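Subject: Structure handover

Hello,

Here is the structure you asked about, followed by notes on what turned up in it. Please read the notes with the model open.

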Amino acid sequence: MEHTSEAPEAVGGPRTVPDVFDPRLYAAGIPHDRFRVLRDHHPVARQEEYELLGWPAGPGFWAVTRHADVVRVLKDAAGFSSYLGATQIRDPDPADLPFIRRMMLNQDPPHHGRLRRLVSRAFTPGRIERFAATARLRARQLLDAARESGPEVDLVRAVTDDYALLNLTDLLGVPASDRGLLHSWTERVIAYQDPDEPPVLDAAGRPVNPRSPARLAEMFAYARELAAHKRARPADDIMTTLATGELRDAELEMFFFLLTVAGNDTVRSAAPGGLLALAEHPDDRRALWSGDIGMDTSVDELLRVHPPVLSFRRTATRDTRLAGVPIAAGDKVVVFHPSANHDERVFADPHRLDLARTPNPHVSFGDGPHVCLGAHFARLQLRILYEEVRASCAGLEVTGPPRRLVSNFINGIKSLPVRLEPYAPRG
Ligand code: HEM
């Protein structure tokens with residue numbers, strides 16, 4: 001099955017500005033037809049932020065959809081701030097802003113640089129590479145168990161959710177008994193727009209922002225305890241490096257939260273997304289299985305067509321113009337990664353899966369000062385998982401429609417029913 005894009009007229013023609021805010025849209029897959037109209041006719045488009053799913057209306061924002069403009073916004077931290085209104089489409093409660101701004105993700109240079117330098121030290125390539133053997137063994141065990149449970153499995157439940165979570169908890173140094181806690185915390189933050197995760201309401205019946213201090217207190221208390229444990233019993237993991245370094249306690253807790261969310265749900269999305277694309281393109285999969293196409297370019301191409309992150313927000317610091325459109329200081333500016341990754345101005349035949357695509361300047365890991373700190377670790381996990389699927393399954397066949405997350409932030413896949421075809425026995 002090829003990815004297809006409908007003609008612009010299918011969503012109202014060039015004059016109509018398609019809505020790409022509604023989180024429910026993404027439960028049906030990336031709305032490529034809408035993004036195409038935006039890129040071609042409204043590359044910086046006004047979006048309404050109407051009341052939705054119990055969440056109040058917001059002031060609206062600019063949707064940025066062309067690759068060049070997305071890169072410009074992400075690189076120009078002086079013009080488009082991560083600090084002023086933080087990085088989510090929905091405005092945080094002003095009372096929560098000082099708290100949210102403690103996170104490196106929601107800071108601008110030069111302050112951001114201090115934290116980024118301190119935590120980068122924990123992400124040494126050597127440490128990441130040392131996790132390769134554990135990740136491989138884990139992928140193998142999960143795939144073996146999945147195949148034994150029957151030829152048809154939900155790949156998300158049987159393999160990819162645990163694979164992402166367990167790799168991250170290993171890297172962080174979270175004891176095995178506490179891994180379920182991390183899973184429920186990320187679910188709370190990421191799936192808050194999804195009907196499977198009903199919102200927690202305050203006394204007035206309004207949903208409580210999952211990123212507010214009240215909702216995160218338990219996770220922060222855990223981070224403090226874990227740090228104390230690592231100081232007492234140091235190990236070769238990220239929490240030990242962070243707990244014994246220069247980070248202040250409050251920074252360390254925030255960083256634990258950032259890693260728990262940024263490092264789990266993204267790989268949890270990328271892994272089934274990549275395998276779904278391979279199952280849908282059997283000729284390309286066969287070329288990868290036979291070695292005609294290399295794994296490294298494949299990992300990046302699969303991330304291009306299935307970007308785990310759908311959007312990130314910035315706030316304009318001054319009056320400016322973007323693609324000729326006047327933007328006022330204080331306006332919300334939101335970049336859409338899947339749209340940039342399918343921009344015809346940069347990618348030849350962007351809706352074609354081309355596992356050998358080079359160069360491949362996709363923006364799935366972002367760009368500029370906040371470019372993903374875990375990209376190396378993420379690519380390594382994905383490469384190993386695909387290699388192990390290749391080693392153990394002759395083919396993959398989708399046996400039912402995937403269920404996708406209702407979210408305009410994470411391109412999540414909640415279930416993916418597949419048949420894992422075994423290799424014919426030798427002899
Ligand atoms: C395929 C998987 C992943 C994708 C697609 C992804 C994507 C991204 C993106 C788009 C950003 C930029 C945010 C912005 O522009 O404001 C980011 C930042 C970040 N990512 Fe990832 N990520 C992935 C995996 C990981 C992993 C495994 C970790 C850690 C273990 C991680 C840690 C971080 C951190 C700490 C930041 C913040 C960097 C900063 O603010 O300077 N990510 N990621």
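Two strands count as paired here if DSSP finds at least two bridges between them. In that sense, Asp 154 has Pro 417 as its bridge partner in β12. Please keep in mind that this is a predicted model.

Overall content

The protein chain has 15 helices and 12 strands. Of its 427 residues, 46% are buried. Taking contacts between residues at least 6 apart in sequence, 72% of them join residues at least 24 apart.

The three-strand sheet

The bridge between Asp 154 and Pro 417 belongs to the pairing of β4 with strand β12 (residues 417-421), which is antiparallel and has three bridges. These strands are part of an open sheet of three strands in the order β4-β12-β9, with antiparallel pairing. The edges are taken by β4 (152-154) and β9 (395-398); each has a single partner strand, so one side of each has no neighbour in the sheet. On average, neighbouring strands in this sheet are turned by 35° against each other, direction ignored. Helix α11 (residues 249-280) lies across β9 and β12, and runs at about 95° to β9.

Leu 396 is a residue of strand β9. Is Leu 396 buried or exposed? Leu 396 has 21 other C-beta atoms within 10 Å, and a residue counts as buried if that number is 20 or more, so Leu 396 is buried. Leaving out residues up to four places away in sequence, Leu 396 touches Leu 275, Leu 278, Ala 279, Arg 285, Val 418 and Leu 420.

The five-strand sheet

Another open sheet has five strands in the order β1-β2-β8-β5-β3, and its pairing is mixed. Its edge strands are β1 (44-47) and β3, each of which pairs on one side only. Helix α2 (residues 67-75) packs on this sheet and touches β1, β2, β3, β5 and β8; the direction of α2 makes about 125° with that of β8.

Going through the pairs:

- β1 and strand β2 (residues 61-64) are antiparallel and share four bridges. Val 44 stands opposite Val 64 in β2.
- β5 and strand β8 (residues 332-336) are antiparallel and share five bridges. Phe 312 stands opposite Val 335 in β8.
- Strand β3 (residues 80-81) and β5 are antiparallel and share two bridges. The partner of Phe 80 in β5 is Ala 316.

How many residues of strand β5 are buried? In β5 (residues 311-316), five of the six residues are buried, which leaves the strand mostly covered.

Two helix pairs

Helix α6 (residues 132-148) and helix α7 (residues 155-172) pack with their axes 10 Å apart, at an angle of about 155°. Angles over 145 degrees count as roughly antiparallel, so that is how α6 and α7 are placed relative to each other. Their crossing is right-handed. On the α6 side the contact is made by Thr 134, Ala 135, Arg 138, Ala 139, Leu 142, Leu 143 and Ala 146. On the α7 side it is made by Ala 158, Val 159, Asp 162, Tyr 163, Leu 166, Asn 167 and Asp 170. By class, the contact of α6 with α7 has nine nonpolar, two polar and three charged residues.

How are helix α13 (residues 295-305) and helix α15 (residues 375-392) placed, and at what angle do their axes cross? The axes of α13 and α15 come within 10 Å and cross at roughly 110°. Angles of 65 to 115 degrees count as roughly perpendicular, and α13 and α15 are therefore roughly perpendicular to each other. The crossing of α13 and α15 is right-handed. Met 295, Ser 298 and Val 299 of α13 make the contact with Arg 379, Leu 382, Arg 383, Tyr 386 and Glu 387 of α15. By class, this contact has four nonpolar, one polar and three charged residues.

Regards

Methods:
Residues numbered from 1 in each chain as written. Predicted model: local features only at pLDDT ≥ 70, side-chain atom pairs only at ≥ 80, totals over all residues. Axes fitted to C-alpha atoms, helices over the stretch in contact; angles between N-to-C directions. Parallel < 35°, antiparallel > 145°, perpendicular 65-115°, else oblique. Left-handed = near helix turned anticlockwise from the far one by under 90°. Contact = placed C-beta atoms within 7 Å. Nonpolar A, V, L, I, M, F, W, Y, C, P; charged D, E, K, R; others polar. Buried ≥ 20, exposed ≤ 12 C-beta atoms within 10 Å, placed from the backbone.
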